[in-house]
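Subject: Structure handover

Hi,

Here is the structure for you to look over. My notes on it follow below.

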Amino acid sequence: MKRPTEAASNFPYWVTLGSLALALWLFFRHTVPAVHDRADLRANADQLRQLRRDYDGAIQQARLGVGPNAHYDLQALLVAIDQRGFTPYELCATYPERASKVTPPEPGEDSQPTPGAQPPSDAGR
């Protein structure tokens, strides 16, 4: 028969505490970034919903011919882009900085540039 030890060992207690600390560290190490990512994804989804609402409203205004861009003829714009040999996506990719700087031509100006002419550069500004 074995003799009982004089003092109880603290080894199981420290192993349990160490395992608990490791489990908590792993849990929070992976959970906190996931919570931040979820918040970022929700913010992006809200922004995307707002953009969709804005674009749907702009498309509806263009179809009805009302709003700030009522004087633009969208079909003529697509035809002019096609005459230049671009798709709308290719045009935006080719001239990315010009999108916000383009102003509509005055009523008396010629809106059709010479074929093969280079677009005006903004280098002097």
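Start with the salt bridge. Arg49 pairs with Asp46, and the closest N and O atoms are 2.5 Å apart. The rule asks for a side-chain nitrogen of Lys or Arg within 4 Å of a carboxyl oxygen of Asp or Glu. By that rule the count comes to one salt bridge.

This is a predicted model: local features need pLDDT of at least 70, side-chain atom pairs count only at pLDDT 80 or more, and totals for chains, interfaces and linings use all residues. Residues are numbered from 1 along each chain as its sequence is written, and side-chain values use heavy atoms, with hydrogens and water left out.

In general, an α-helix has 3.6 residues a turn, so residues three or four places apart point the same way. Arg49 is partly exposed at 45% relative accessible area. Asp46 is also partly exposed, at 44%. The cut-offs: buried is under 20% relative accessible area, exposed is over 50%, and partly exposed is in between (1.4 Å probe, protein chains only).

Helix 1 also holds Gln50. The side chains of Gln50 and Arg53 are joined by a polar contact of 3.1 Å. Such a contact is a pair of N or O atoms within 3.5 Å; within protein, one must be able to donate a hydrogen and the other to accept it, and residues adjacent in sequence count only if both atoms are side-chain atoms. Gln50 is partly exposed, with a relative accessible area of 35%.

Now the overall fold. The protein chain has three helices and zero strands. From the N terminus on, the order is α-α-α. Elements are DSSP runs numbered from the N terminus: helices are H or I with at least four residues, strands are E with at least two.

Just after helix 1, Gly65 takes a positive phi of about 75°.

Buried residues make up 2% of the 125 residues in the protein chain. The chain exposes about 11700 Å², and carbon and sulfur atoms supply 60% of that area. Areas come from the Shrake-Rupley method with a 1.4 Å probe; for residues, only the protein chains shown count as cover.

There is a nonpolar patch on the surface. Tyr13, Trp14, Leu17, Leu20, Leu24, Phe27, Phe28 and Val32 form it, with about 830 Å² of accessible area together. Patches take residues with over 30% relative accessible area and no salt bridge; like charges are joined within 9 Å, nonpolar side chains (Val, Leu, Ile, Met, Phe, Trp, Tyr) within 5 Å. Phe27 is found in helix 1, residues 11–64.

Next, the rings. The structure holds three aromatic pairs. In one of them, the rings of Phe27 and Phe28 have centres 5.1 Å apart and planes at 80°, so the pair is edge-to-face. Phe86 and Tyr95 also form an edge-to-face pair, 6.3 Å centre to centre with 80° between the planes. Rings of Phe, Tyr and Trp (its six-membered ring) pair if their centres lie within 6.5 Å; planes under 30 degrees apart count as stacked, over 60 as edge-to-face and the rest as tilted. Phe27 is partly exposed at 47%, and Phe28 at 48%. Phe86 is partly exposed at 23%, and Tyr95 at 30%.

Last, helix 2, residues 74–83, contains Leu77. Leu77 is partly exposed at 47%.

Best wishes
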